[in-house]
Amino acid sequence: MRLYYFADGCSLATHIAMREAGMDFEIEEVDVQTRLTESGRPFPEINAKGYVPALVFDDGSMLTENVALLDWVAQQSDALRPEDGIPRTRQIEALTFISTELHRPFLFLFFFVGEPEKPAVGGMIAGRFAHIAGRLAGDYLLGDHFSVADAFLYVMLRWAKMSKVEVSDRFAPYVRRIEARPAVRAALDAEGLRTVAA
């Protein structure tokens with residue numbers, strides 16, 4: 001399997017999850033500006049959508065979209081697989097909220113709005129983080145065990161720090177807990193990234 005990624009992009013969530021699951025895979029970076037892969041191939045030739053993550057299986061088939069990929073990874077791992085029924089549905093609920101209410105607004109903040117609009121978009125994102133912070137009941141997003149939703153939320157918290165979006169102090173120990181995980185450290189090292197915990 002080969003995972004195509006942007007360094008510090010949303011694909012970092014899938015990268016972390018795959019390492020947490022102990023999967024055997026390769027990674028290949030895509031340049032954000034040129035959309036060329038490390039091997040020099042135009043990424044849209046691989047994934048016509050033109051964005052990451054994209055996971056190409058050994059048979060040449062491909063899976064895209066973080067929510068789908070993270071759910072698939074969780075189903076392959078005893079450690080990450082939620083119970084069937086409402087626990088899995090709660091995980092998909094969390095993944096969908098992160099994707100639509102955090103990830104998408106961040107893209108607008110980064111690429112589509114001018115300076116006058118950025119405070120309003122940043123404030124909206126901060127409000128979404130406040131919603132999550134008010135519901136953190138255990139060590140991780142869905143309770144006492146790390147889930148693929150934590151991998152995705154962690155990436156969004158990295159983006160919050162990078163873009164100076166204010167988040168609750170409740171996330172500080174959460175980020176430290178995430179960054180202490182060996183799979184997270186391995187993914188960061190592989191992408192040439194630093195931790196963000198103070």
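This is a predicted model: local features need pLDDT of at least 70, side-chain atom pairs count only at pLDDT 80 or more; totals for chains, interfaces and linings use all residues.
Me: Why are H4 and H5 called roughly antiparallel?
Reply: Helix H4 (residues 86–112) and helix H5 (residues 118–133) pack at an angle of about 160°. Angles over 145 degrees count as roughly antiparallel, so H4 and H5 are roughly antiparallel to each other. Their axes are 10 Å apart, and the crossing is left-handed.

Me: Which residues of H4 and H5 meet?
Reply: On the H4 side they are Phe-97, Glu-101, Leu-102, Pro-105, Phe-106 and Leu-109. On the H5 side they are Lys-118, Val-121, Gly-122, Met-124, Ile-125, Arg-128, Phe-129, His-131 and Ile-132. By class, this contact has 10 nonpolar, 2 polar and 3 charged residues.

Me: What makes up the contact of H1 with H8?
Reply: Leu-12, His-15, Ile-16, Arg-19 and Glu-20 in H1 meet a set of H8 residues that includes Ala-183, Val-184 and Leu-188. The contact has 8 nonpolar, 1 polar and 3 charged residues.

Me: Is His-15 buried or exposed, and how do you know?
Reply: Its relative accessible area is 0%. Buried means under 20%, so His-15 is buried. This residue is found in helix H1 (residues 11–20). Not counting residues up to four places away in sequence, His-15 touches Leu-3, Phe-25, Ile-27, Ala-187, Ala-190 and Glu-191.

Me: What makes a set of residues a nonpolar core, and how many residues has the largest one here?
Reply: Its members are buried nonpolar residues joined through side-chain atoms within 4.5 Å. The largest such core has 51 residues. Phe-106, Phe-129 and Phe-171 are among those with the most contacts inside it. Helices H1, H3, H4, H5, H6, H7 and H8 each give two or more residues to this core. The largest share, 11 residues, comes from H6.

Me: Which residues does Phe-171 contact, leaving aside its neighbours within four places in sequence?
Reply: Phe-171 is in contact with Phe-129, Ile-132, Ala-133, Leu-136, Leu-153 and Leu-157.

Methods:
Residues are numbered from 1 along each chain as its sequence is written. Side-chain values use heavy atoms; hydrogens and water are left out. Axes are lines fitted to C-alpha atoms, for helices over the stretch in contact, and angles run from 0 to 180 degrees between N-to-C directions. Helices (H or I, at least four residues) and strands (E, at least two) are DSSP runs, numbered from the N terminus. Angles under 35 degrees count as roughly parallel, over 145 as roughly antiparallel, 65 to 115 as roughly perpendicular and the rest as oblique. A crossing is left-handed if the near helix is turned anticlockwise from the far one by less than a right angle, and right-handed if clockwise. Contact means heavy atoms within 4.5 Å. Ala, Val, Leu, Ile, Met, Phe, Trp, Tyr, Cys and Pro count as nonpolar, Asp, Glu, Lys and Arg as charged, and the others, Gly among them, as polar. Buried means under 20% relative accessible area, exposed over 50%, partly exposed in between (1.4 Å probe, protein chains only).
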